[in-house]
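Keep the sequence and the model side by side.

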Amino acid sequence: MRLNSQSSQFIFNLPSDFLPRQIIESYNPILEKNWIQYEDIISYLNSTIKSVNFPGLSFDMPKQMLVRGKERQYKPSKNPQDITTSHDLTVTFRSVDSDLNYWLMFDIITKHYLDVENLFVYPFSITCVDIHRDAIYIIRFYEIILKAMSENTFNYSMQKIVSKEFTMTFHFNFYDIEFL
């Protein structure tokens, strides 16, 4: 029995079909020019993922006013898929290589926005693992839309080496948790 939770034991990667193959291959010259040791752009971007934020749960409970002003609240009758506080999945990336991964993601999100044939991105999954790297449960997200990306600041006064991050927000319509 464990007394506390061992956190940060998860696997989250952008799916290999996040972008069509020809678009991924169009970024290969950038990887080669900058001496980045990854097979493709998706592997490079996955290596910079720092964290993933899963939304909490919240219930808006209906109220009924009883005699003499007493309020009584009831459990709502909502679909369990709709009780998360938001349907947003926030992914935090480390900004590396002079913000190269930021601008690659910027270009990718622009291409997804302009893609009128595909309404949604392929499903994402978070696999939570134990200390032996065996999967405990998998959270899958379906019907994903790229929603937002944080800003990037160019600043002359920031000359020391510090960890810089950016976030991307994805909207999902459905999720599924499978315990293994």
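Is Tyr175 buried or exposed? Tyr175 is buried, at 13% relative accessible area. Buried means under 20%, exposed over 50%, and partly exposed in between, with a 1.4 Å probe and protein chains only. This is a predicted model, where local features need pLDDT of at least 70, side-chain atom pairs count only at pLDDT 80 or more, and totals for chains, interfaces and linings use all residues. Residues are numbered from 1 along each chain as its sequence is written, and side-chain values use heavy atoms, without hydrogens and water.

Now the ring pairs. Rings of Phe, Tyr and Trp (its six-membered ring) pair if their centres lie within 6.5 Å; planes under 30 degrees apart are stacked, over 60 edge-to-face, the rest tilted. The count is 14 aromatic pairs. Tyr38 and Tyr44 form a tilted one, 5.8 Å centre to centre with 55° between the planes. Tyr38 is partly exposed at 37%, whereas Tyr44 is buried at 2%.

Phe54 and Tyr175 have ring centres 5.9 Å apart and planes at 80°, so this pair is edge-to-face. The pair links distant parts of the chain, 121 residues apart: Phe54 sits in the loop between strand 2 (49-53) and strand 3 (63-65), Tyr175 in strand 8 (residues 165-179). Helices (H or I, at least four residues) and strands (E, at least two) are DSSP runs, numbered from the N terminus. Phe54 is partly exposed, at 29% relative accessible area.

Move on to a cluster. Ring pairs link Phe93, Tyr102, Trp103, Phe106 and Phe166. Trp103 lies in helix 4 (residues 100-114) and is partly exposed at 37% relative accessibility.
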